Amino acid sequence: MPLTAKINPNNFFRPEIASLNAYKVIDATGMIKLDAMENPYSFPEDILNQWLASLKSCHLNRYPDPQARELSQLLKQVNQIPATCEILLGNGSDEIIQLLLMALPTTASVLAPAPAFVMYQQISRSLGLNYHSVPLTTDFELDLPAMLTAIQTYQPAIIFLAHPNNPTGNLFNLNAIKQIITASNGLIILDEAYAAFANSSFIPELETYPNLLVMRTLSKLGLAGLRLGFIAGQPEIIASLDKIRLPYNINTLTQASAVFALSKPEMFTQQTQAICQQRTLVFKQLQNLDNIQVYPSSANFILFKTATDQANIIFAKLKQHGILIKNLSPQGGLLSDCLRVTIGTESENKNFLNALKTILAELI
Ligand SMILES: *Cc1c(COP(=O)(O)O)cnc(C)c1O
């Protein structure tokens, strides 16, 4: 090839990659960051120093423990994983979603409700799998008859259900979930990324349903920078996934830091409780605003709907006020005119609400 020739990736890569858009993250430098469901609190000074001290015993010249044995044991214990189940760790639950989908035959179908966490569709499409979605009802509940029909029609190898759901924030009807698990011959991935903020988990059900897997992450709890998630289920399934996992996917610093963090459950409980209290306050304040419809949340964020065609304007004006939230309106469908705000600290939330009130008053 001549040195000056322009190289065309489509000559080498799969065609589905050409039609994908990269996952974009807006630069939030200097802004109040309420867009990504992060915990707003960092470690207090004394815990920060304990953490740094704990890292002194890390050997960065050596490869990490490929099985992350200490961390795995601790995660099983803390999350009360049934003794008959195994877990697999991922570099964030995103990596676990990728592993699950990479294990499927290319002809397989994947099913999820819509709206759902975007990575289910993004990764399915990047692998050329057949991704199908079934719209939620207008109150963001599972449309059980439509889900059961889709299971019949597409025979999905994997069904993703986030519980609570992202970006809507609600828990699904438990009975509907159980009927979906029973009706499917494929695997059901119950994504419990927001378990810390909800009073509902399918971990105890792992022993009831052999095709159920429960996935969790430390990201939303307050450790998004570590990139650590895990999935629990029948040992045979976990052993198969483990074959395609890269051997050192959980790095030494993540292993050590997560082990340290899991020894501070009181700190996380305190932070989580503060976030849940703020969630109630922000919800009530949003409820009092004209031209805003707010949806109940069991997660650390709140979805709300603006008057028709105002979401883009409000999102842009909030940015001018130095506040970054998430604009879901471009996704259309049930998310038209919808914005999502992550619960921050008390002062961050006040700033957000004050800015929103000012903007709404200007719009009248
Ligand atoms: C944030 C999120 C994830 C990704 O978590 P990571 O562990 O940070 O990769 C997975 N599922 C849902 C529903 C999420 O909202």
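The structure is a predicted model, in which local features need pLDDT of at least 70 and side-chain atom pairs count only at pLDDT 80 or more, while totals for chains, interfaces and linings use all residues. Residues are numbered from 1 along each chain as its sequence is written, and side-chain values use heavy atoms, with hydrogens and water left out. Helices (H or I, at least four residues) and strands (E, at least two) are DSSP runs, numbered from the N terminus.

**The ligand site**

- The ligand is surrounded by 13 residues, where a residue counts as near if one of its heavy atoms lies within 4 Å.
- The closest of these residues are Asp-191, Tyr-194, Thr-217, Ser-219 and Lys-220.
- The shell divides into 4 nonpolar, 5 polar and 4 charged residues. In this division Ala, Val, Leu, Ile, Met, Phe, Trp, Tyr, Cys and Pro count as nonpolar, Asp, Glu, Lys and Arg as charged, and the others, Gly among them, as polar.
- At least two residues of the shell are supplied by each of helix H4 (93–102) and helix H8 (219–223).
- An N or O atom in the side chain of Asp-191 is 2.5 Å from a nitrogen atom of the ligand. A polar side-chain atom of Tyr-194 lies 2.6 Å from an oxygen atom of the ligand.
- Asp-94 takes part through its backbone, with an N or O atom 3.0 Å from an oxygen atom of the ligand.
- Taken alone, the ligand exposes 390 Å², of which the protein buries 94%; accessible areas come from the Shrake-Rupley method with a 1.4 Å probe, and for residues only the protein chains shown count as cover.

- Most residues other than glycine have a negative phi, and most peptide bonds are trans.
- Ala-114 and Pro-115 are joined by a cis peptide bond, with omega about 0°. Pro-115 belongs to the loop between strand E3 (109–114) and helix H5 (118–126).
- A cis peptide bond also runs from Asn-166 to Pro-167, with omega near 15°. The loop that holds Pro-167 lies between strand E5 (158–162) and helix H7 (174–183).
- Met-37 is not a glycine, yet its phi is positive, at about 60°. This residue is in the loop between strand E1 (32–33) and helix H2 (45–55).
- Gln-80, also not a glycine, has a positive phi of about 50°. Its place is in the loop between helix H3 (69–78) and strand E2 (86–90).
- Is Met-37 buried or exposed? Met-37 is buried because its relative accessible area is 3%, the terms being buried for under 20%, exposed for over 50% and partly exposed in between (1.4 Å probe, protein chains only).
- Gln-80 has a relative accessible area of 65% and is therefore exposed.

**Nonpolar cores**

- In soluble globular proteins, nonpolar side chains tend to be buried together.
- A nonpolar core is a set of buried Ala, Val, Leu, Ile, Met, Phe, Trp, Tyr and Cys residues joined through side-chain atoms within 4.5 Å.
- The largest such core has 53 residues, and those with the most contacts inside it include Leu-71, Leu-89 and Ile-180. H10 provides the largest share of this core, 5 residues.
- Another core, apart from the largest one, has 35 residues, among them Phe-283, Leu-286, Val-294 and Ile-302.

**Selected residues and their contacts**

Contact means heavy atoms within 4.5 Å, and the lists below leave out residues up to four places away in sequence.

- Leu-253 is in helix H10 (residues 252–262). Its relative accessible area of 37% is why Leu-253 is partly exposed.
- Leu-253 touches Leu-55, Cys-58, Leu-60 and Leu-226.
- Gln-278 is located in helix H11 (residues 265–287) and counts as buried because its relative accessibility is 10%. Its contacts are Ile-343, Gly-344, Thr-345, Glu-346 and Asn-349.
- Leu-241 lies in helix H9 (residues 235–244) and, with a relative accessible area of 6%, is therefore buried.
- Leu-241 is in contact with Leu-88, Leu-99, Leu-100 and Ala-103. The C-alpha atoms of Leu-241 and Leu-100 are separated by 6.9 Å, although the two residues are 141 residues apart along the chain.

How values were computed
A polar contact is a pair of N or O atoms within 3.5 Å; within protein, one must be able to donate a hydrogen and the other to accept it, and residues adjacent in sequence count only if both atoms are side-chain atoms.
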